[in-house]
Amino acid sequence: MDFSREIEGKQLHDPLYANWRMSRRFGDCVQVSGPIIVGAGPSGLAVAACLNQRGIRSIILEKSDCIASLWQRKTYGRLRLHLPKQFCELPMMGFPPASPTYPDKREFVKYLEDYAKRFGIRPQFNETVEAAEYDGEIGQWRVRSMGPKEGEKTEYVCQWLVVATGENAEPVVPEIEGMEGFGGPIKHTSMYSSGEEFRGKRVLVVGCGNSGMEVCLDLCNHNAMPSLVVRDTVHVLPRDVLGKSTFGLSMWLLKWLPMRLVDQLLLLAAWVMLGDTARLGLKRPKVGPLELKNLNGKTPVLDVGTLAKIKSGDIKVYPGIRRLNPHEVKFLDCRSEKFDAIVLATGYKSNVPTWLKEGSMFSKDDGFPRRAFPNGWKGERGLYAVGFTRRGLLGVSMDARRIAEDIERCWKEEEKHRIQVPNFLFPKSS
């Protein structure tokens, strides 16, 4: 066994060395004394901050060149938080008091940047994790990453691995018959920035979640002619009820009333304020909005003005697509319409199965933890997950705290059995 392998086999399973450097290199292998976190979005930042507060340093590997790359690189300009800021705070730091109830994209990114600075979080950018797997011989995780330069590869070895790539790692692009011959631009919302580029054009938006609804509204505001494809049932709720956040009101009601009764109250308020959405082509599921969210994570749409545009006829609603022809769309109800462009508001998916070589914690089908919330944050052999609760930033904060507490507990337990490795085994770096 070579030198690095011998050290790994005998010592790497020991926890953090408080007075040592964060990592030590043995040839092409980097020994990390603390956890490795994959992903520098809000989830990764939250875990790193909770660990730092406990005196545990971590390394964050981020494939992009910035924190929260989804927010900074793949969101449209008018985006705001859909929930009030108090429900979107990361652990140990709130939004500035002067910030609005619903911070916009720029304000949220600024909050995350300030958060990283406050807790001394410095991710290693432009490092794409290609594979991570557990090495049973040394009792450690091996994480292989690729840097920005050709052939620049690094292998890390660590005791704890935190998967923080989240629910929205990769865009979902559906296959629609005839896409190749449509003739106009077809882009995912991750590539959509503003309706300005579609001014005066007929645009079909596929998908009726919060993003699809907001993109339609943005297109209207830029004098485009949008239409919306509604393939499934959807709950549309007013964002605010009597000046109070619908989400905040529902959370308060859940303290006193059963979920199904709260759902009935929300639907009553929606009917009074928004009317019968089924008449507009937006049929509601049989299950209430909160119960549906709890069952499969499907989020209700919080209306910010799109419904009024649908009622006025500025936005037309269509069912699913049958096929595409050159600048034409055939729908399932046999209607056909001409369009200049298509925007796919079809959401995102986890990319965990593409790089994590592990079969017990994460499902290979959807890339989510197999165990449902609130038990999906911890796997076996030092593997953790954050940002997969389908409960937004509230779920992120809950899991981040749990992960940090668990790693600290392991650290303290094993610290009692720590073996001090002689300094001569680690020659000084040149």
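**Exercise 1. The second largest pocket**

Find the volume of the second largest pocket, then describe its lining.

*Solution.* Let's start with size: the second largest pocket has a volume of about 290 Å³. Keep in mind as you work that this is a predicted model.

The lining is made up of 24 residues. Those that lie nearest the centre of the pocket are Arg-371, Ala-372, Phe-373, Phe-388 and Thr-389.

Now sort the lining by class: 10 residues are nonpolar, seven are polar and seven are charged.

Finally, look for the helices. At least two lining residues come from each of helix 8 (289–296) and helix 10 (392–415). Helix 8 gives the largest share, with four residues.

**Exercise 2. A closer look at helix 8**

Work out which residues of helix 8 are buried, and what covers them.

*Solution.* Begin with the cut-off: a residue is buried when its relative accessible area is under 20%. In helix 8, the buried residues are Pro-289, Leu-290, Glu-291 and Leu-292.

Then see what lies over these residues. The cover includes strand 13 (236–238), along with helix 6 (246–253) and helix 7 (259–274).

To finish, step past the end of the helix. Gly-297 follows helix 8, and its phi is positive, near 80°.

**Exercise 3. Helix 2 against helix 10**

Describe how helix 2 and helix 10 pack, and name the residues that meet.

*Solution.* Two numbers are needed here, because a pair of packed helices is described by the angle between the axes and the distance between them. For helix 2 (residues 42–53) and helix 10, the angle is about 35° and the axes are 8 Å apart. The hand comes next: this crossing is right-handed.

Now list the contacts. Helix 2 brings Pro-42, Ser-43, Ala-46, Val-47, Cys-50 and Leu-51. These meet Leu-393, Val-396, Ala-400, Arg-401, Ile-403, Ala-404 and Ile-407 of helix 10. By class, the contact between the two helices holds 11 nonpolar residues, one polar and one charged.

**Exercise 4. Placing Arg-144**

Is Arg-144 buried, partly exposed or exposed? Once you have decided, list its contacts.

*Solution.* First locate the residue: Arg-144 sits in strand 6 (residues 140–146). Its relative accessibility is 29%, so Arg-144 counts as partly exposed.

For the contacts, set aside neighbours within four places in sequence. Arg-144 then touches Thr-128, Val-129, Glu-130, Ala-131, Glu-133, Thr-154 and Glu-155.

As a last step, take a distance across the model. Arg-144 and Gly-195 are 51 residues apart in sequence, and their C-alpha atoms are 40 Å apart in space.

Definitions and conventions: Residues are numbered from 1 along each chain as its sequence is written. This is a predicted model: local features need pLDDT of at least 70, side-chain atom pairs count only at pLDDT 80 or more; totals for chains, interfaces and linings use all residues. Side-chain values use heavy atoms; hydrogens and water are left out. On a 1 Å grid over the protein atoms alone, a cavity is a set of points where a 1.4 Å probe fits but cannot get out, and a pocket is an open set with protein on both sides within 12 Å along at least five of seven lines; lining residues have an atom within 4 Å of a point. Grid points are joined across faces, edges and corners, and a volume is the space filled by probe spheres set on the points. Ala, Val, Leu, Ile, Met, Phe, Trp, Tyr, Cys and Pro count as nonpolar, Asp, Glu, Lys and Arg as charged, and the others, Gly among them, as polar. Axes are lines fitted to C-alpha atoms, for helices over the stretch in contact, and angles run from 0 to 180 degrees between N-to-C directions. A crossing is left-handed if the near helix is turned anticlockwise from the far one by less than a right angle, and right-handed if clockwise. Contact means heavy atoms within 4.5 Å. Buried means under 20% relative accessible area, exposed over 50%, partly exposed in between (1.4 Å probe, protein chains only).
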